[in-house]
Structure formats: C-alpha cells, structure tokens
Amino acid sequence: MFSTYRYVVYGLCCGLLLLLTSCASIPAGQEDPKDPLQSYNRSMYKFNEGLDSYVIKPVAQGYKTVTPGFFRDGISNFFSNIGDITVFLNDLLQGKITQGGQDAGRFVVNTTVGLLGFIDVAKHIGLEKHNEDFGQTLAVWGWDESPYLVLPILGPSTIRDGLGLAAAYPFSFYANSHANNTHLTEIGALEVVNTRAGLLAATNVLQTAALDPYTFMRDAYLQRRKNLIYDGHPPHNKEDDE
C-alpha cells in the first residue's frame, strides 16, 4: 500500500490519542455547537500549524522560488484532472446528469488534447470545472449537519467530509498507479508542496487579519462547504443574522 497513505493512518492514530488526552482550553465565549470537539480540534490545529511552519511552508517557499509558474500550474492541472473522475461519479450520485456529462467531457479532453491533464484545454472550450465530492453527496442524501473536525496534516474537515475523503481514495491516482512505493511517496510529496505553494499568499492574509485564526479557518471552511453543497444558494439561516 502507498506509504504516504500509511503515514496518514499513523496521523489519524495520533489524532485519536490527542482526542483522548487533549487538554487545550477553549477560549471564553468561543464555544460553538458546530464544534463539539473543539478541545481536540485546537490541539490538532496547533500540531498542523507547527508542522507547516517548520517543514511544509519553508519547503513550499523554496519550491516556488526555483520552479517556473507554468510547471506548478501543470502539476495542479494534472491532479485536478484526475479528481474530475470523482467529480463525475458524485455528479451521478447527486442526480446531476447534465453536469456529469460536462465533467466527463472535461476529463476526456484534458487527458487527450491536454496531455494527461497538464494543460486545462477544456476550460478554453467552455467546459468549466465543478467541485463535487463524496462529502457533498452525503449532505445531499440527508447528512446536512456534521461536527467540525481537524484532520492530521489534511486540516479543516467534518466527520462527514472525512468519511467522504476515505470513500474517494479508491479512485485516486495513488490507489490506481502501478508505480512503486518510493515513487508514489515522491509524487505525493510533490503534490503537497505544490498545493502549499499556491496557498502562501492566503496563509499570510489569515495570520495577519484574524484575531483567532482557528475560529476564522473553521467558520470559513463550514461556510464554503455549505455553499458548495447548495451549489451557491444555501438556505437562509437565522444564525447568519446574529
């Protein structure tokens, strides 16, 4: 099995240990019914922040300095193209047949004319990318609300969306590639660093603008997920007026 996947499993075990032993305090007035695991989540958030500050972010900064933009874009497009397989499946599971046809077309065009997805040709012929995943599908099927959960390394999620990530793994590049574990680990590291390099500016804004980055990140994630689940038209909630 892909060794990086094993590392994530180890991380989940560490997360369970943190859940059982966490003693991080919840700031006064920060209790939230959407975040019943906040004590654990804040501990995991600090762990992820430390890993990012001392390892992932410095590597991403160096990578961005020495790597041409077109190369970074190509890597992002490649993994995004593979992700369109999962998008297509969730289109069908949610009954979005027309959109499913468009996303299937995106995958075919970018895999062939776009050189295995490194070039997003489909975008230029009107086939825009959609964002559908198993977490959204579970929400459409009725699991609308789910407790917020910070995953080791992967960051913001919910219990529902975490299960959705697990469901997506069999359709991923790593589960279907015939490369050996060493090469898959190298590819996984490249994907992580390339993704992190694209988020450097956003991270700087978060750290300077938010009084409590944890709360800001949580609320932004939950709001974005709700917006995606309802395709940009979420129902009005009285809590939004508070």
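These legends accompany several close-up views of a predicted model. Residues are numbered from 1 along each chain as its sequence is written, and side-chain values use heavy atoms, with hydrogens and water left out. In this predicted model, local features need pLDDT of at least 70 and side-chain atom pairs count only at pLDDT 80 or more, while totals for chains, interfaces and linings use all residues.

**View 1. The protein chain comes to ten helices and two strands.** Helices (H or I, at least four residues) and strands (E, at least two) are DSSP runs, numbered from the N terminus. Along the sequence, the pattern reads α-α-α-α-α-β-β-α-α-α-α-α. Of the 242 residues in the protein chain, 36% are buried, where buried means under 20% relative accessible area, exposed over 50%, and partly exposed in between (1.4 Å probe, protein chains only).

**View 2. Strands β1 and β2 form a hairpin with three residues between them.** Strand β1 (residues 148–151) and strand β2 (residues 155–158) pair in the antiparallel sense over four bridges, pairing being called when DSSP finds at least two bridges between two strands. Y148 of β1 has T158 in β2 as its bridge partner, and in the turn I153 has a positive phi of about 70 degrees. Both faces of β1 are covered, with Y148 and V150 buried on one side and L149 and L151 buried on the other.

**View 3. Helix α4 (residues 97–112) has 16 residues.** From its first C-alpha to its last, helix α4 reaches 23 Å, close to the 22 Å expected at 1.5 Å a residue; the expected span is 1.5 Å times one less than the number of residues. Its buried residues are Q99, G100, D103, R106, V109 and N110, and what covers them includes α3 (69–93). An α-helix has 3.6 residues a turn, so residues three or four places apart point the same way.

**View 4. L115 lies in the loop between α4 and α5 (134–140).** L115 is exposed, because its relative accessible area is 53%.

**View 5. R225 is found in helix α10 (residues 213–229).** Which residues does R225 touch, not counting residues up to four places away in sequence? They are D133, G135, Q136 and D161, where a contact means heavy atoms within 4.5 Å. R225 counts as buried because its relative accessibility is 7%.
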